[in-house]
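Colleague: I am new to reading models of this kind, and I would like to go through one with you, question by question. Could you show it to me, please?

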Amino acid sequence: METRLLILNSEPVFQDRSLAMIDAMRKVEIRIVRSLAEAVYILMREDFDLFVVEGETATAIDQAIHTRQHFPSLEIVALTEAAPSAAQSQEAGGQNVALVTADCSDRQLRRQLREFISAFERSSGPAAEGIDPCHSLVGNLNQFSAAEILQMSCLSQRSGRFTFKSGRGNSEIYLHHGMVRHASYGSIEGEAAVAEIFRWRQGRFFFEEGIISQVQTVNRPWTHLLIDNLQKLDETLHMVSVAAQR
Amino acid sequence: MRDTSLETQLRLLTLQTESWKKLHDFITYALDKSKPIISPEQERQFTEVRAILLQESEHVFSELNLVAELSGKTMNVLQRASSIRGVRELSGDETRRLESDWNAVFTKVGVVQGQLKARRRELLSRSAFAQIMSGIFGRRTAAR
């Protein structure tokens, strides 16, 4: 299966050194965008294994960190023209943004990029259906959003586990007497995982009554989570609407 | 077998096609009388697309030996379409000329893109050894 990369590069015709290297790699499909708004617009609709932000060091890191606010689980790499400062590296590291510096020989850069991209080779297949008679609620995320079904379950004081399955992978949210107690998506846990699930527009979900998590990673009331995440989603959709006007 | 220069040409053409499509979306919007509002944001985005085409077209076409054929038509389109409002105010004849020039550029770019994709497909089905051999024998034949 091909590794899908979305590359943000404002000058893809004149600054194409890394692009040419990535394009020459086998089993890699690339899509190039020129602006962050366009990138967010596409990321909202399609799945990519890796998002590469290429450009001048400070700008690339800024844009990568900005994207992280909208997509908590996305693998992001900032491909910078020059080596970043210690503060920039720390800031990027804190936001889980990987850094690759293009300030090296072609051979070194090609090797770095190949190593990096091969680590993201797509392994997950389409989501399994997994419908079981013990699932008390089953549905499609393109008909009911995660926010809607969680709101309904929290209002009715449910306890149990929501499982969400999509092309991006599986995630779980545990409720306890109408409160979100624990959420996980891959290696992400807590509020970041809830934020990720809020953005899913495709996939299936099911609810199993009575399954309680021993772990507690979410401590805030549901209403706070809902308001914060809807606000973040609004900001993302605002960026998307800017790109969509084109 | 992959040819890096062919891949570069295809990448450049894909980017160029995207920009021409975006320009067309704006021209269509400008000519649609049922959409009276032109926002400053739309004008800004139009100028951005126009700037990209002004900067890149010449370079991309020279990489593909298309300058003689397309440069004039490209400049005609970009000069006539100075803004969304400008396109809306063009006369009937000028609008037809704009659309005809846009169509000529887009058609040629599309045809070349198709040819390059076919060439890539052919190369991918060939082994590296066969490619080298055809290169050697091709050169000898040309030298005679």
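Colleague: In which loop of chain A is the place of A:Lys27?

Modeller: Please keep in mind that this is a predicted model. A:Lys27 has a positive phi of about 55° although it is not a glycine. Most residues other than glycine have a negative phi. As for its place, A:Lys27 sits in the loop between H1 and E2 of chain A.

Colleague: Where in chain A does A:His177 lie, and why does it count as exposed?

Modeller: A:His177 is a residue other than glycine with a positive phi, near 50°. It lies in the loop between strand E8 (169-176) and strand E9 (179-185) of chain A. Because A:His177 has 10 C-beta neighbours inside 10 Å, it counts as exposed.

Colleague: In what order do the 5 strands of the open sheet in chain A follow one another?

Modeller: The pairing in this sheet is parallel, and its neighbouring strands are turned by 25° against each other on average, direction ignored. Read across the sheet, the order of the strands is E2-E1-E3-E4-E5.

Colleague: Which strands of chain A stand at the edges of that sheet?

Modeller: A strand at the edge has a single partner strand, so one side of it is left without a neighbour in the sheet. In chain A this applies to strand E2 (28-33) and strand E5 (97-101).

Colleague: Which residue is the bridge partner of A:Leu5 in E2(A)?

Modeller: E1(A) and E2(A) run parallel and are joined by 6 bridges. E1(A) is mostly covered, with 5 of its 6 residues buried. Leaving aside neighbours within four places in sequence, A:Leu5 is in contact with several residues, including A:Ile22, A:Val28, A:Phe48 and A:Val52. Its bridge partner in E2(A) is A:Ile30.

Colleague: How many residues of the largest nonpolar core come from H1(B)?

Modeller: This core has 60 residues, and A:Leu5, A:Phe51, A:Val52, A:Val53 and A:Ala78 are the ones that touch the most other members. A second, separate core of 19 residues includes A:Ile173, A:Val180, A:Val194 and A:Phe205.

Colleague: At what angle do the axes of helix H1 and helix H2 of chain B cross?

Modeller: Helix H1 (residues 4-31) and helix H2 (residues 40-63) of chain B have axes that come within 10 Å of each other, and their crossing is left-handed. Among the residues that make the contact are B:Leu12 and B:Phe26 of H1(B) and B:Val49 and B:Leu53 of H2(B). The residues of this contact divide into 8 nonpolar, 4 polar and 4 charged. The axes of the two helices cross at roughly 145°.

Colleague: Which helix gives the largest share of the side of chain A that touches chain B?

Modeller: The contact takes 9 residues from chain A and 15 residues from chain B. By class, the side of chain A has 6 nonpolar, 1 polar and 2 charged residues. Its largest share, 3 residues, comes from helix H1 (residues 17-23) of chain A.

Methods
Residues are numbered from 1 along each chain as its sequence is written. Chains are lettered from A and ligands numbered from 1 in the order in which they are written. This is a predicted model: local features need pLDDT of at least 70, side-chain atom pairs count only at pLDDT 80 or more; totals for chains, interfaces and linings use all residues. Axes are lines fitted to C-alpha atoms, for helices over the stretch in contact, and angles run from 0 to 180 degrees between N-to-C directions. Helices (H or I, at least four residues) and strands (E, at least two) are DSSP runs, numbered from the N terminus. A crossing is left-handed if the near helix is turned anticlockwise from the far one by less than a right angle, and right-handed if clockwise. Two residues are in contact if their C-beta atoms, placed from the backbone, lie within 7 Å. Ala, Val, Leu, Ile, Met, Phe, Trp, Tyr, Cys and Pro count as nonpolar, Asp, Glu, Lys and Arg as charged, and the others, Gly among them, as polar. A nonpolar core is a set of buried Ala, Val, Leu, Ile, Met, Phe, Trp, Tyr and Cys residues joined through C-beta atoms within 7 Å. A residue is buried if 20 or more other C-beta atoms lie within 10 Å of its own, exposed if 12 or fewer, and partly exposed in between; C-beta atoms are placed from the backbone. Two strands pair if DSSP finds at least two bridges between them.
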